[in-house]
Amino acid sequence: MGENLQVLAVQISHFEAFELYTVVRCAECGKCWGVIGKTRNCPHCGNPTGDNLQIVSVAENASDLQREVAIANMPENLRDELKEKLPRAIEMNENPSASLLYSCIRTSAIDDVINLNRLSGVLRGKGISVQAEEVAEEAVAQGLLIRRDEKSYLLLQ
Ligand SMILES: [Zn+2]
């Protein structure tokens with residue numbers, strides 16, 4: 001088991017603890033679906049997923065999850081159109097408030113560590129179009145985070 005896969009396993013067990021819904025992508029057929037905690041076989045192709053899963057997004061409730069899965073399974077060129085048609089459970093947010101961004105940072109923290117990939121998933125789940133690194137660097141500027149390494153930050157408060 002490589003280091004990345006261990007990280008993924010740890011993340012999934014933490015999703016379980018926080019009861020967050022995760023949108024994952026099958027490495028075999030490329031389709032997405034939602035899980036809480038661990039997942040077994042791909043519901044699209046039946047491939048045993050094991051550790052070979054990509055976390056696409058994180059949602060906080062079932063309706064957000066449905067929307068995220070629907071969007072993730074659309075061909076790239078149809079996604080924008082689909083986003084227009086789906087009920088706006090999540091408004092696309094280009095100028096999110098500082099408090100919303102901070103709540104995303106908190107949601108993505110595991111033991112006070114914020115991983116950029118996970119923060120990115122939480123931001124997408126909220127419909128926020130700002131890059132995770134930009135959000136994190138702004139929080140660093142405000143003294144909320146410190147940079148830990150290339151891909152993660154430490155929550156200070
Ligand atoms: Zn599959």
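How many helices and strands are there in the protein? This predicted model holds 6 helices and 7 strands, and the legends below visit a few of them in turn.

View 1. Let's start with the overall order of elements, which reads α-β-β-β-α-α-α-β-β-α-α-β-β from the N terminus. The protein has 157 residues, and 29% of them count as buried. Looking at contacts between residues at least 6 apart in sequence, 50% join residues that are at least 24 apart. The strands to look for next belong to an open sheet of 3 strands and to an open sheet of 4 strands.

**View 2. The sheet of 3 strands, in the order 2-1-3.** Pairing in this open sheet is antiparallel. Strand 2 and strand 3 are found at the edges, each with a single partner strand, so one side of each has no neighbour in the sheet. From one strand to the next, the twist averages 35 degrees. Helix 2 (residues 62-72) packs on this sheet and touches strand 1, strand 2 and strand 3. The direction of helix 2 makes about 20 degrees with that of strand 1.

**View 3. Strand 1 (residues 21-26), enclosed by the rest of the structure.** Is strand 1 buried or exposed? Both of its faces are covered. Tyr21, Val23 and Arg25 are buried on one side, while Thr22, Val24 and Cys26 are buried on the other. With 6 of its 6 residues buried, strand 1 is therefore largely enclosed by the rest of the structure.

**View 4. Strand 1 and its two partners.** Here the bridges come into focus. Strand 1 pairs with strand 2 (residues 32-36) in the antiparallel sense over 5 bridges, and with strand 3 (residues 53-59), again in the antiparallel sense, over 6 bridges. Val24 is a handy landmark: Trp33 in strand 2 stands opposite Val24, and Ile55 is the bridge partner of Val24 in strand 3. Tyr21, for its part, has Ala59 as its bridge partner in strand 3. In the hairpin of strand 1 and strand 2, 5 residues lie between the strands, and Gly30 takes a positive phi near 80 degrees.

**View 5. Leu53 in strand 3.** Move along to Leu53, a residue of strand 3. Why does Leu53 count as buried? Leu53 is buried because 20 other C-beta atoms lie within 10 Å, and 20 or more is what the buried class requires. Leu53 and Val23 are 30 residues apart in sequence, yet their C-alpha atoms are 10.0 Å apart in space.

**View 6. Arg79 in helix 3 (residues 76-85).** Next comes a residue in a helix: Arg79 sits in helix 3. Arg79 counts as partly exposed because it has 14 C-beta neighbours inside 10 Å. Leaving aside residues up to four places away in sequence, Arg79 touches Ile71 and Met74.

**View 7. The sheet of 4 strands, in the order 4-5-7-6.** This second sheet is open too, and its pairing is antiparallel. Strand 4 (109-110) and strand 6 (145-147) stand at its edges with a single partner strand each, so one side of each is left without a neighbour in the sheet. Strand 6 and strand 7 (residues 152-155) run antiparallel and are joined by 3 bridges. Helix 5 lies across strand 5 (113-115) and strand 7, and runs at about 75 degrees to strand 5.

**View 8. Helix 4 (residues 98-108) against helix 5 (residues 116-125).** How do these two helices meet? They pack at an angle of about 130 degrees, with their axes 9 Å apart. That angle is why helix 4 counts as oblique to helix 5. The crossing of helix 4 past helix 5 is right-handed. On the helix 4 side, the contact is made by Cys104, Ile105, Thr107 and Ser108, which meet Arg118, Leu119, Val122 and Leu123 of helix 5. By type, the residues of this contact are 5 nonpolar, 2 polar and 1 charged.

Methods:
Residues are numbered from 1 along each chain as its sequence is written. This is a predicted model: local features need pLDDT of at least 70, side-chain atom pairs count only at pLDDT 80 or more; totals for chains, interfaces and linings use all residues. Axes are lines fitted to C-alpha atoms, for helices over the stretch in contact, and angles run from 0 to 180 degrees between N-to-C directions. Angles under 35 degrees count as roughly parallel, over 145 as roughly antiparallel, 65 to 115 as roughly perpendicular and the rest as oblique. A crossing is left-handed if the near helix is turned anticlockwise from the far one by less than a right angle, and right-handed if clockwise. Two residues are in contact if their C-beta atoms, placed from the backbone, lie within 7 Å. Ala, Val, Leu, Ile, Met, Phe, Trp, Tyr, Cys and Pro count as nonpolar, Asp, Glu, Lys and Arg as charged, and the others, Gly among them, as polar. A residue is buried if 20 or more other C-beta atoms lie within 10 Å of its own, exposed if 12 or fewer, and partly exposed in between; C-beta atoms are placed from the backbone. Two strands pair if DSSP finds at least two bridges between them.
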